[in-house]
Every structure is written in structure tokens, then in C-alpha cells.
Amino acid sequence: MKIGILSKRKTMFTGKIKNFLENKGFTVTVYTLENLAINENLLNNDFYILKSKNLFFLYAGYYLEANNIPVIPKPQMSFIQKNRIHSHFLMKRIGLFTPEIYLGTVDTFKNQLNLDDFPFILKPIMGSGSKGVRIIRTYDEIKSENNTILYMERYINGIHYNVYFIDNEICTLIKPPLSHEHVDMKKIETPDDIRNVIQKWRNYFNGELLFGHLDMVREDASNNLFTVDVGSFPEFSQWKCRISPVDRICELILKKYENLK
Amino acid sequence: MKKIGIIIDKYHLKYKVSEFLKYLNSKADVKIYTEETFLLDSSKIEFDENLFFVKGKGDLILAFIKLIEDLTNIPVINSYRGTWLAINRFLNSVILRGAGIPIPDFSLNPKGSIPPFEDYIIKNIIDQKNWKFKPIVHKENGRLKVADERALNEVDKVDPKYNYLYYQKFIKSKWEFKIYGIGDEIYFYKQIPILINPNKIESRRKIDREPELEEYCYKAMEVMDLKLTSMDFLKSKEQFFLTDINCTPNFNYIKDGHKLVADFLLKQAKI
């Protein structure tokens, strides 16, 4: 069987997946932004793993699906998690607490935001994790080139969690605010309300969401649990629970593909 | 009186809708939300409009459509899906071809990687800005290579960061067919292709209903969830090819277009 992996890099988790699948006897090709051309040449593989959510990998995923080549996870699911506007309104619809969002130009923010509402978190509309994310404490820190539209969220003051899930296994870690996935984090027992949020999130996708992660903050003032970011395919670099992420994820993907055939 | 919200950017407000607004204001309560001055606050979802009409495709406009669709029952024309697909050229090519509408062959390649066809036109991948098509024509060994200046400017930018080009197989055609869809009504025009005569209006003329184009137009509107659109077709060897689809058509090019669109919106707005 020939498997393609759509990934921004060939190393790290992608490299481990490739090794695992090759050891099982499969032929695996990794497509990065250096060698990915989206046309009929892609149709030579039996199925694809969508590791990265860069727009071009999503395009490739949609193209493959339209040509009846399975893509795991599904591109539309990954897109919803990559696009912060989509994920925000989805979380609201399914009843999760999530910080209010604001979009506008620098001038609009300066003229219409209330000083009492600071700080905010500035984030890219398309993205996940901490890339391009920064805290905004004053009007002067709101800047953009060409008065482009900015996306900001209300900052939630509280305990920050990085919560991984692989099938029914949940691994909860306390992390420093606004940090990326790779900083050292402290594992804790998963509280019931975090388990419930994961369950609600996965239920929306009707069993299609095999793994992923949510960033959450427990607000000091209210004790409410806010989901502040979602990710469809993290590196699992801080996974500190039982099972091996690489082995289990590859097994889940292969099982999914078998069910789709 | 019905209440209509207009979600628009400054460019369209200044140059494209003056007659339309004058007419609509005489028929409805109109409130204008301008992308460059409106603060979208996701906690504020109390709107009393009977319908929102979108004239623009910027990030705030897309977010506003999503908010209205997800958190209220107010209809929006065009929808989030229609607008998003229309601005993502590669995605709409995939979807339209999947629906059986003839699309010229296309490929998305890293810069420097040759597309799998010889005569081609390079187009912008994300058609979100209000810039006009500026063709750069290059002939090499009898082969035609056309690039849209916007596409070349798009490449290598920092944000969004990518180095891809969208290639569409070049279709040689005597005429370019411009089709407008306003709800169930289709309007047919043709003009000399812009590469031959950049003044597209000079040669534009109304033509009779063309059943094949009409069928493609209805199908494209259905699969992309567009209620208002314009489409460009080229014709080669008796075969039409859909080359462009637009979610913010300039309806001023149709006779009484502003009235047709306003009346259509008023019909869609339910009290």
C-alpha cells in the first residue's frame, strides 16, 4: 500500500509516523511545501495523512477527496480547527465556553475598544498554537501594516492547560500562559469538566476526530473552563501518559482507512 | 418596512453601489456596516435586520457572515460558503469540476515547478482584494504564457507566506461570455476577451439565452451556494469552459441591474 503524508516537515512526528508505517511494509512519501504540486500526479497513493494544516495541504486534501482518495483526518475537520473564526462559532454552538472575539482595523479598535477590557490576545485568523500570538495590554500595542483587519480575543486570566487526546485516552498538562507545545509542562489527573469538554468537542465530529488537542484556561474569577485554541494534529511532544502516541495514532489511522475501503 | 443590512467595504461603497443604495433606501430601512470602521464583537448578536447583503470579501466581512449564519436566523446573501469558495480559486475549481461543470485544466505548483500543460494563464489563488486583472503576456517558442500581475505579487509575500502559483490551461476563444445570476434569473452577455481588448465594455453585448450556459450557471450557483454571481466562460471547439466565478458581481453592467438586485433582496427578506 502507498501512503502519502502532507506535512510541513519530514522530521519530528511526521518522521516517526513514516518510520512506523515503513516498518509495517508500506511505501510512504512525505509531501512538503518544497515538493507538493497539486494535480493528478498526487492520485498515485492509496490514501493520505493530513499532518499539517497549511492552506496548501488543505487544498491538496480537498483535491484528493474530490478524486476519491481518502484523507485522514478529513480536510474540512482540519480547516474548522485551523480557522479561528470557524472554531470560535462552532464552540459557541456546541455550548463550550470560549473567549469573545473582536475583529477590526487598528483605528476601529482604538476608537471603539474600552480601556477597561484590556488585555487582549492578538492571534492570526488562520493558525493554531502560539505562532503569531501576543498579548495586547494598551492601545499603542495594536499595530498592523496597511490598516489590515486584526483578530483579538479577550484574555482569560487563570490556569492554562494543554489537553491531548488520542481516542479515549486524555492527557492533561498545566502549561505556562501563551507558551507553545514544546515547553516543559506538568501532568495532572484530568478533571471531570475537562473530560466533558473533550467529549463534547469529539461528539460534534461524530467519531471522526481520532486525536487532537485543546488549549483551555480555567478562569480565576469564575472557575469557568474556557477553550482558547484547538489543534487537529499536534506533535504530542509533551505526552506523558500511557500508550505511545505514534503507534496508537498510526493504528487508528490504518483502522480508519480499512473502514473506509 | 423591511430592514436590510449591507455588509460592505469602503471600495465597493464608494464606487459600486450608489444607484443601488439610492433605490434600496426608497424601499427599505437600510443599515450599512463598513468593514474598515465596524468593530465585530462576537458577544453582540442582536440584529433586527430581515436580511443581510454582502458586498465585499475581506476577513472581517467573512467573520461577520459566519456570525450571522451561526448565531442568528437572518438570511445572508451571499453565504459564507459561497463567498469563501469564490475567493479560493483552487477550491472552487475542484468543486465545480466535481459537479460536472467544464473547467480548464488546472494545477497548483510551487514556484519554478512547470505545470502539466503548455499554454497557460497564471491566476491569483486567493481573490480577496479589490484589484483589477492586469495581464502580463509572454510568448515563448510558440507557447502562450499569461500571468495576472496580482498572482505574481501574491507569491513570496510574508503574510500569507507561500510560494505557489495557480496555473489554468489557456483557452483560446473568440468571445468571453459573461453570465450573471440573480436568484433564478440568468442574464447573458458576451465581449471580446480582455487580453485582446482591455476595454471590456466597448465590445460587450447582450446575447440570447444559451441553454448550456444556463445549466452550468444554475449548477455552479447550487454547488457553491451563491444567490448572486457573475461567471466568465470561454469557448473552444464548441465546448464552454468556466474560467472565473465571482461572489460580488458588478451588477451595474446589467440594464437596471441595481433595481433587479434590490428587488431580489427585498423578496428574499422575510418579516
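This is a predicted model: local features need pLDDT of at least 70, side-chain atom pairs count only at pLDDT 80 or more; totals for chains, interfaces and linings use all residues.
Two bridges join strand S5 (residues 101-104) of chain A to S3(B), and the two strands run antiparallel. Within this pairing, A:Leu103 has B:Leu40 of S3(B) as its bridge partner.

On the side of chain B, 32 residues are in contact with 34 residues of chain A. The size of an interface is often given as the accessible area lost when the parts come together. Chain B and chain A bury about 2,800 Å² between them, with 67% of that area on carbon and sulfur atoms. In chain B, the residues that lose the most area to chain A are B:Leu39, B:Ser42 and B:Tyr164, which together account for 20% of what that side buries.

Polar terms are also present between the chains. There are 15 residue pairs in polar contact between chain B and chain A, counting pairs with both residues at pLDDT 80 or more. The elements of chain B that give two or more residues to the side touching chain A are strand S3 (40-41), helix H3 (59-71), helix H4 (80-87), H5 and strand S6 (106-110). Of the elements on that side, H3(B) gives the most, with seven residues. By type, the residues of chain B that touch chain A divide into 19 nonpolar, seven polar and six charged. The count of salt bridges between chain B and chain A is one. B:Asp70 forms a salt bridge with A:Arg93, and the closest N and O atoms are 3D neighbours at 2.7 Å apart.

The domain assignment gives domain 1 (3-78 + 256-268), domain 2 (88-102 + 172-246) and domain 3 (106-169) in chain B. Taken over C-alpha atoms, the centres of domain 2 of chain B and domain 3 of chain B are separated by 20 Å. Their contact takes ten residues from domain 2 of chain B and 14 residues from domain 3 of chain B.

Domain 2 and domain 3 of chain B bury about 1,000 Å² between them, 64% of it on carbon and sulfur atoms. On the domain 2 side, B:Arg89, B:Phe90 and B:Leu195 lose the most area to domain 3 of chain B, together 58% of what that side buries. One salt bridge is found across this interface of domain 2 and domain 3 of chain B. B:Asp244 forms a salt bridge with B:Lys123, with the closest N and O atoms 3.0 Å apart. Six residue pairs are in polar contact between domain 2 and domain 3 of chain B, again with both residues at pLDDT 80 or more. Helix H5 (89-98) and strand S15 (239-246) of chain B each supply at least two residues of the domain 2 side that touches domain 3. H5(B) gives the most to that side, with five residues. The residues of that side divide into four nonpolar, three polar and three charged.

Strand S15 also belongs to a sheet. This open sheet of five strands in chain B has the order S13-S12-S11-S14-S15, with antiparallel pairing. Strand S13 (205-206) and S15 of chain B stand at the edges with a single partner strand each, so one side of each is left without a neighbour in the sheet. Elsewhere in the sheet, seven bridges join strand S11 (residues 176-182) of chain B to strand S14 (residues 228-236) of chain B, and these strands run antiparallel. In S14(B), B:Met231 is the bridge partner of B:Ile179.

Conventions
Residues are numbered from 1 along each chain as its sequence is written. Chains are lettered from A and ligands numbered from 1 in the order in which they are written. Side-chain values use heavy atoms; hydrogens and water are left out. Domain bounds come from an automatic or database domain assignment. Contact means heavy atoms within 4.5 Å. Buried area is the accessible area (1.4 Å probe) that two parts lose on being put together, summed over both. A salt bridge is a side-chain nitrogen of Lys or Arg within 4 Å of a carboxyl oxygen of Asp or Glu. A polar contact is a pair of N or O atoms within 3.5 Å; within protein, one must be able to donate a hydrogen and the other to accept it, and residues adjacent in sequence count only if both atoms are side-chain atoms. Helices (H or I, at least four residues) and strands (E, at least two) are DSSP runs, numbered from the N terminus. Ala, Val, Leu, Ile, Met, Phe, Trp, Tyr, Cys and Pro count as nonpolar, Asp, Glu, Lys and Arg as charged, and the others, Gly among them, as polar. Two strands pair if DSSP finds at least two bridges between them.
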